[in-house]
Amino acid sequence: MSNTRGGSGARAESHSSHDHSGHAAHPLGKSGHAAQETAPLGKNGLFSPALLAVLTLLALVALPYRVPALGRLRLLEPLPEGAGLVAVAPAAAPAASVGETALVMETNEGPESAQPEEVALPPAAAEILPAVSRGEDEKPPRSIEDPSGHALDAFFRRLAAVERKEPGSIARVTYFGDSIVASDFVTATLRRKLQKRFGDAGHGFMLMANAWPGYSHQDVVRFAAPGWLVSRVVGPYADDGFYGLGGVSFRAQGKGAFSRFATTKSGTFGRAVSSFSVYYLEHPEGGTMTVSLDGAVRESVDTRAAAARSQRRVYAVPDGPHELEVRAEGPGVRAFGVTMERDEPGAVLDAIGIQGCRVRFLDKSDDAHFAEQLRMRDPSLTVFQYGMNESEDGELYPLDQYEATMKALLEQVRAALPDSSCMLVGPMDRADKRGSGYSSRPVVPKLAAIQRKVAAEVGCAYWDTLSAMGGYGSMGVWVQRGLGAADLAHPSSAGAEVLGRWVYLALMEAYAAHQAKTPAPAPRP
């Protein structure tokens with residue numbers, strides 16, 4: 001239901017969330033007794049003090065084998081059958097705690113971290129990439145796979161409405177991923193290309209602050225002051241499982257914690273906004289937050305409520321350059337993030353990058369709450385790009401469980417957004433340095449095959465990043481050509497530009513095929 005508090009231009013939307021919430025041969029002989037040597041040692045016939053110490057230690061070691069009650073103190077028990085002394089599998093990582101941690105604060109977005117609108121590709125990259133025309137007729141190295149033939153219909157219908165400039169038509173893409181997405185490099189390229197063709201309808205969703213050192217957003221200005229504590233789907237965990245859309249819950253320690261979001265003053269994209277939305281949680285320990293626009297207080301919002309409820313407050317402004325600030329007036333304010341959009345046909349892309357995330361970690365979120373957050377955002381396309389951190393795990397997390405958890409997540413998203421499209425972007429190749437060469441990790445093709453299989457079973461599209469890069473063993477080549485990062489896991493800035501452009505080209509290829517077989521709508525009277 002909807003309700004309004006405070007000044008004009010604000011709209012609050014309330015959504016309820018629910019909890020679901022044989023023994024080894026003895027070294028001292030068959031008798032188990034320590035032998036007592038009586039022959040004199042040395043010319044003086046006296047016991048050596050060192051020998052006495054050794055004999056005492058051996059007697060203490062033997063004692064638990066003679067006294068059953070002291071069995072737990074035995075040091076020389078046999079290894080289990082099949083156990084070895086080398087090649088022991090690493091222990092599982094300790095589980096993250098429940099609670100909060102202080103943020104690593106950074107000011108965004110300095111020019112040193114920005115992804116340029118046009119990235120110059122290294123000359124050596126031309127040897128492994130097809131001719132780059134940067135034109136709309138350029139073809140992707142791999143087409144989107146869609147056995148159903150309809151996985152992207154909902155998104156393409158929305159794109160067609162945007163192209164027709166139908167009022168209120170916005171093609172929203174909510175793009176989930178790990179640190180490759182957290183930098184907003186691949187996604188920035190995709191966002192810019194969609195907006196160049198279909199129109200700039202705003203930047204989309206951003207976390208309240210930097211939840212990790214590598215979290216960034218392009219074509220927007222952000223700043224957060226100290227004072228926020230965070231719970232994350234990668235830990236430490238929130239005891240209620242409420243993390244908003246972005247997988248992070250922010251709680252103000254006290255008065256003075258604030259976050260700002262603003263349009264850019266240079267560049268082609270992100271220069272205007274006509275609607276800010278603040279996503280937060282009402283709850284019994286909630287506090288008051290002040291929302292200001294362009295330096296003037298718009299309203300104070302009391303976030304205290306008898307039960308936890310997801311909320312969104314929308315602030316309309318004249319289309320143009322603006323700044324929004326959310327400031328806590330005391331402890332207890334719990335917020336998730338902010339969106340920036342424009343009231344005109346176009347494309348929006350939410351970069352939901354979670355550093356260190358595996359796809360299964362998204363299940364840390366309360367199911368009803370996560371579904372509710374998806375519905376509040378209402379994307380016409382949801383994208384998942386995971387696999388880099390799973391490639392670090394190898395097969396320590398069983399692949400059959402990986403398949404099951406991924407399928408369960410996608411089915412949950414499909415149930416929450418039955419009229420939306422979904423797509424998986426497969427994992428990149430990953431390598432290790434081996435002398436003067438590189439060795440790719442054998443688990444990556446297995447992860448890609450599982451993602452392709454699950455996508456087909458659930459009714460999502462799939463784009464094969466591994467094959468597009470050149471297949472198994474390609475990361476070493478990418479690094480040598482300036483497209484892969486030094487860690488042999490991430491793309492470089494130029495590699496991110498290439499991947500973002502390829503995803504865009506693959507979508508546009510599929511969109512053109514969809515439009516070619518779709519009758520044009522009848523003109524309005």
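In this predicted model, helix H4 passes helix H11 in a right-handed crossing. The two elements span residues 186–198 and residues 493–516, respectively, and their axes come within 7 Å of each other, crossing at roughly 40°. Because of that angle, H4 is classed as oblique to H11, given that angles under 35 degrees would count as roughly parallel.

The contact draws on residues along both helices. On the H4 side, Val186, Thr189, Leu190, Lys193, Leu194, Arg197 and Phe198 take part. Helix H11 contributes Ala496, Glu497, Leu499, Gly500, Arg501, Val503, Tyr504, Leu507, Met508 and Tyr511. By residue class, the contact of H4 with H11 divides into 11 nonpolar, 4 charged and 2 polar residues.

Gln373 sits in helix H5, which covers residues 367–377. With a relative accessibility of 2%, Gln373 counts as buried, since the cut-off for that class is under 20%. Beyond its neighbours within four places in sequence, Gln373 is in contact with Gly244, Leu245, Tyr279, Ser310 and Phe336.

Of its 525 residues, 52% count as buried. The chain exposes about 23,600 Å², and carbon and sulfur atoms supply 56% of that area.

How values were computed:
Residues are numbered from 1 along each chain as its sequence is written. This is a predicted model: local features need pLDDT of at least 70, side-chain atom pairs count only at pLDDT 80 or more; totals for chains, interfaces and linings use all residues. Side-chain values use heavy atoms; hydrogens and water are left out. Helices (H or I, at least four residues) and strands (E, at least two) are DSSP runs, numbered from the N terminus. Buried means under 20% relative accessible area, exposed over 50%, partly exposed in between (1.4 Å probe, protein chains only). Contact means heavy atoms within 4.5 Å. Axes are lines fitted to C-alpha atoms, for helices over the stretch in contact, and angles run from 0 to 180 degrees between N-to-C directions. Angles under 35 degrees count as roughly parallel, over 145 as roughly antiparallel, 65 to 115 as roughly perpendicular and the rest as oblique. A crossing is left-handed if the near helix is turned anticlockwise from the far one by less than a right angle, and right-handed if clockwise. Ala, Val, Leu, Ile, Met, Phe, Trp, Tyr, Cys and Pro count as nonpolar, Asp, Glu, Lys and Arg as charged, and the others, Gly among them, as polar. Accessible areas come from the Shrake-Rupley method with a 1.4 Å probe; for residues, only the protein chains shown count as cover.
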